[in-house]
Amino acid sequence: MAPNRRERDWPVPDAIHQIKIALIRENESETNLIAMSLNQALGEVSLADRDGAVHLLRFLKFWFNLPSAVFITATNLLDRFLIKMKVQRRYLACLVISCMNVASRRHQYNLDPKILVSLSQSKCSVKDMERMSEIVQKKLDLGNGKPLINVYDYLNQFLDLLQAVARQFHIKSLFDLVLKKEELNCHLEVIMCDSQCASAKPAVIALALIQTEFERFMSSAIPDKLSYYSFEMLQLLTTIVDLQLICLIVPVEFTSCHKTIIDSLRNYDNHTKKLHQQKMLWRYSSRTIYNTKSSWSYFDTLRTIVEE
């Protein structure tokens, strides 16, 4: 497939049209966190603080059994707000649960606000979260029903197009073997917890992640079945190159993002990087503690049984 092919020659021309529409709106959802850190003042949220906040979002995502789309939307809202506003570190905990609250509502998931505030272990109240949620929607102009474009949308559009190409060349089984959507979503969540990866453009992140999955498969399966997979993989890899040209992705930018994603996933697989962990606290009422204390001396240590 030549890079200068006409749109009607594509298997999914509607998908190409949707991708171009998303590229026009891409500036509205820009999340260049690296540029934000250059002008950081004392007491403001740093990149390390941001990564810890996103890990909290992922913890909440698993706790409430939410789909990846809600987590990615909440992360996108958080990053956009941090770039647009100067946020003090003491307000970050309230901002995190507010972004999760807004994202869950946009995806038609109603979370219990009391449980959400309690799990976050922030010192804010439900009213504080509701007030901050209104601020997030106002500052990010979310009240007019305008759709949000993020890396999750790009990833799904690229997968739909690649799946159509696989059907055209009768290699749908190979596509299902290489690009497993559940694993891709998991890896996308992992790399979005890294501010270095999340600073790239959404289209670049999605294509670089797909490229990484291809390379993982090629390094493990192709050496054993080179004659079978070589031509089929070439068709899909050529489509990725064409998508880079359509999205006007600079090769240097793509290579840099691709390397960052590989390093991030390697650290995740090898557990070489210390991740942020949400500490769970047991909370008891004064009555429970009073009743429990009286039973501490109830049990006696059993005597050792002497063996004969």
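**Reading a predicted model: exposure, contacts and packing**

Modeller: Aspartate 141 is partly exposed, with a relative accessible area of 40%. The model is predicted, and every value in it is computed.

Biologist: How is a percentage like 40% turned into the words "partly exposed"?

Modeller: By two cut-offs: under 20% is buried, over 50% is exposed, and partly exposed lies in between. Since 40% falls between them, aspartate 141 is called partly exposed.

Biologist: Where in the chain does aspartate 141 lie?

Modeller: In the loop between α7 (126-139) and α8 (151-168). The phi of aspartate 141 is near 55 degrees, which is a positive value in a residue other than glycine.

Biologist: And glutamine 108: buried or exposed?

Modeller: Exposed, because its relative accessible area is 67%, and the cut-off for that word is over 50%. Glutamine 108 sits in the loop between α5 (92-106) and α6 (113-120). Its phi, near 65 degrees, is positive, in a residue other than glycine.

Biologist: What is the relative accessible area of aspartate 79?

Modeller: It is 1%, so aspartate 79 is buried. This residue belongs to helix α4 (residues 68-84). Setting aside residues up to four places away in sequence, aspartate 79 touches Thr31, Leu33, Arg50 and Ala198.

Biologist: What does histidine 258 touch?

Modeller: With residues up to four places away again not counted, histidine 258 touches Ala208, Gln211, Thr212 and Glu215. Histidine 258 is part of helix α14 (residues 251-270) and counts as buried, because its relative accessibility is 11%.

Biologist: Which residues have the most contacts inside the largest nonpolar core?

Modeller: Leu95, Phe158 and Leu188, in a core of 89 residues. Beyond its neighbours within four places in sequence, leucine 188 is in contact with Ile72, Val151, Tyr152, Leu155, Ile205 and Leu209.

Biologist: What describes two packed helices?

Modeller: The angle between their axes and the distance between the axes. Here, helix α10 (residues 181-192) and helix α12 (residues 202-220) pack at about 120 degrees, with their axes 11 Å apart. That angle makes α10 oblique to α12. Their crossing is right-handed.

Biologist: Which residues of α10 and α12 meet?

Modeller: From α10, Leu184, His187, Leu188, Ile191 and Met192; from α12, Ile205, Leu209, Glu213 and Arg216. By class, this contact has six nonpolar, one polar and two charged residues.

Conventions. Residues numbered from 1 in each chain as written. Predicted model: local features only at pLDDT ≥ 70, side-chain atom pairs only at ≥ 80, totals over all residues. Heavy atoms only, no water. Core = buried A, V, L, I, M, F, W, Y, C linked by side-chain atoms within 4.5 Å. Buried < 20%, exposed > 50% of the residue type's maximum accessible area, 1.4 Å probe, protein only. Contact = heavy atoms within 4.5 Å. Helix = DSSP H or I, 4+ residues; strand = E, 2+ residues; numbered from the N terminus. Axes fitted to C-alpha atoms, helices over the stretch in contact; angles between N-to-C directions. Parallel < 35°, antiparallel > 145°, perpendicular 65-115°, else oblique. Left-handed = near helix turned anticlockwise from the far one by under 90°. Nonpolar A, V, L, I, M, F, W, Y, C, P; charged D, E, K, R; others polar.
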